[in-house]
Amino acid sequence: WRAIDPSIFGTLFERGLNPKKRSQLGAHYTDPATIMKLVEPVIIRPLMAEWATHRDSIRKLLDKSKKQGDKAYKDANAEFHQFLERLKNYRVLDAACGSGNFLYVALKTLKDIERRVNTEAEQLGLQRQIGIECGPGNVLGIELDPYAAELARVTVWIGEIQWMLQNGYPVVVLAKQLQDEGFDGIWLSDFDMCGVEAAREVIDIPIIGGFPTSAFTALGLCQRFGILTILPSTLVMQQGHVLTYGLQDDFAGIAPIDCPVDQLSNVDVVVAKSFPVALKLIQNQGAQALLLGCTGFVGVAEKLSLMLSESLQAYVPVIDPNQAGISYLISLVRMKLRPSRLCYSPATLGN
């Protein structure tokens, strides 16, 4: 569901109705930008104004607190959880919901607000609750057309799944379960590390994603690295990783091989697509080593390195994020290292 745009269900709804009936019902798809013109003043602005009042009160209480657990701290924490409870019980009703696009936008908005409130509470000095309580139960719809009602249910659940995936929360829950089962470390098979940062606040074992281990492995072998990614849609996100880790001076560039994920199992096709793109990164942008920007690039690194080295008559390292990540994780486990509590404040999962 990660790649599905729920707005297509609005189009399906419109096209599935008889044009005369559609006109009688006033059933027309409303795009997210138009919906936000209602969501912003009706949902976002009032709730954030309420939170601003609570936040100011929490700040004053924490200014009086001498240590964690004293009366002022407990009162501040109680006020924080009072507002979380307010969000948990908040309801949005669309009395003619159609295919559910308004409910979809409203749900994501509520989850964004809850995440922001948790983050700001942590910045004030409270322990944030990693689990997000707002969910499909917060949005309600009335619809006479059974077809539209079913589309609305699907749309809302896609919104829930996409938000949780994009913000890494399934990773956090699973990481906690794996720690409780006695695992010593976790390798997240995701170059973009979705959920790794949040999980480090919950668990006391190392959890590693793809980008940093690959990048720092490359920089142990060269001074400028490039990234081969699968599709143009990932370029901005992966360029962001470079900035996050302050590696822009060591970064030669990034280029897609234009290969969908479902074709990555065909190693020969992937290598054939990768070779000309990799060659351009080296010859035109000065890359001295290459990262494979997807953990689905299995079995590609060695073959691509050999082809590049033969073509250029010089050895070119190609980093497989899986091998780099797992090797690094094993080292952390052997050294008995785990996330620093000076960086990652301990947090608890919601029920």
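Colleague: Let's start with handedness: is the crossing of H3 and H5 right-handed or left-handed?

Modeller: A crossing is right-handed if the near helix is turned clockwise from the far one by less than a right angle, and left-handed if anticlockwise. H3 and H5 cross in the right-handed sense. This is a predicted model, where local features need pLDDT of at least 70 and side-chain atom pairs count only at pLDDT 80 or more, while totals for chains, interfaces and linings use all residues. Numbering runs from 1 along each chain as its sequence is written, and side-chain values use heavy atoms, with hydrogens and water left out.

Colleague: And at what angle do H3 and H5 pack?

Modeller: Two packed helices are described by the angle between their axes and the distance between the axes. The axes are lines fitted to C-alpha atoms over the stretch in contact, with angles from 0 to 180 degrees between N-to-C directions. Helix H3 (residues 32–64) and helix H5 (residues 101–124) pack at about 20 degrees, with axes 10 Å apart. That makes H3 roughly parallel to H5 (under 35 degrees; over 145 is roughly antiparallel, 65 to 115 roughly perpendicular, the rest oblique). By class, their contact has 20 nonpolar, 2 polar and 4 charged residues. Nonpolar here is Ala, Val, Leu, Ile, Met, Phe, Trp, Tyr, Cys and Pro; charged is Asp, Glu, Lys and Arg; the others, Gly among them, are polar.

Colleague: How does H5 sit against H6?

Modeller: The axes of H5 and helix H6 (residues 146–166) come within 8 Å and cross at roughly 30 degrees, which makes H5 roughly parallel to H6. This crossing is right-handed. On the H5 side, the contact (heavy atoms within 4.5 Å) includes Tyr-104, Lys-108 and Arg-115, and on the H6 side Glu-160, Trp-163 and Met-164 are among the residues. The classes come out as 6 nonpolar, 5 polar and 5 charged.

Colleague: What angle do you get for H11 and H12?

Modeller: About 45 degrees, with the axes of helix H11 (residues 267–285) and H12 9 Å apart. H11 and H12 are therefore oblique to each other, and their crossing is right-handed. Val-271, Phe-275 and Ile-282 are among the H11 residues that meet H12, where the partners include Leu-304, Met-307 and Leu-308.

Colleague: What about the backbone: what is the phi of Gln-313?

Modeller: Most residues other than glycine have a negative phi. Gln-313 is not a glycine, yet has a positive phi of about 55 degrees. Look for Gln-313 in the loop between helix H12 (301–312) and strand E8 (318–319); at 68% relative accessibility it counts as exposed (over 50%; buried is under 20%, partly exposed in between, with a 1.4 Å probe and protein chains only). Lys-336 also has a positive phi, about 60 degrees. Lys-336 lies in the segment after helix H13 (321–334) and is exposed, with a relative accessible area of 76%.

Colleague: Is Asn-322 buried or exposed?

Modeller: Asn-322, which lies in helix H13, is buried at 14%. Leaving out residues up to four places away in sequence, Asn-322 touches Trp-187, Ser-189, Thr-295 and Val-298. Ser-189 is 133 residues away along the chain, but the two C-alpha atoms are separated by 7.0 Å.

Key
Helix = DSSP H or I, 4+ residues; strand = E, 2+ residues; numbered from the N terminus.
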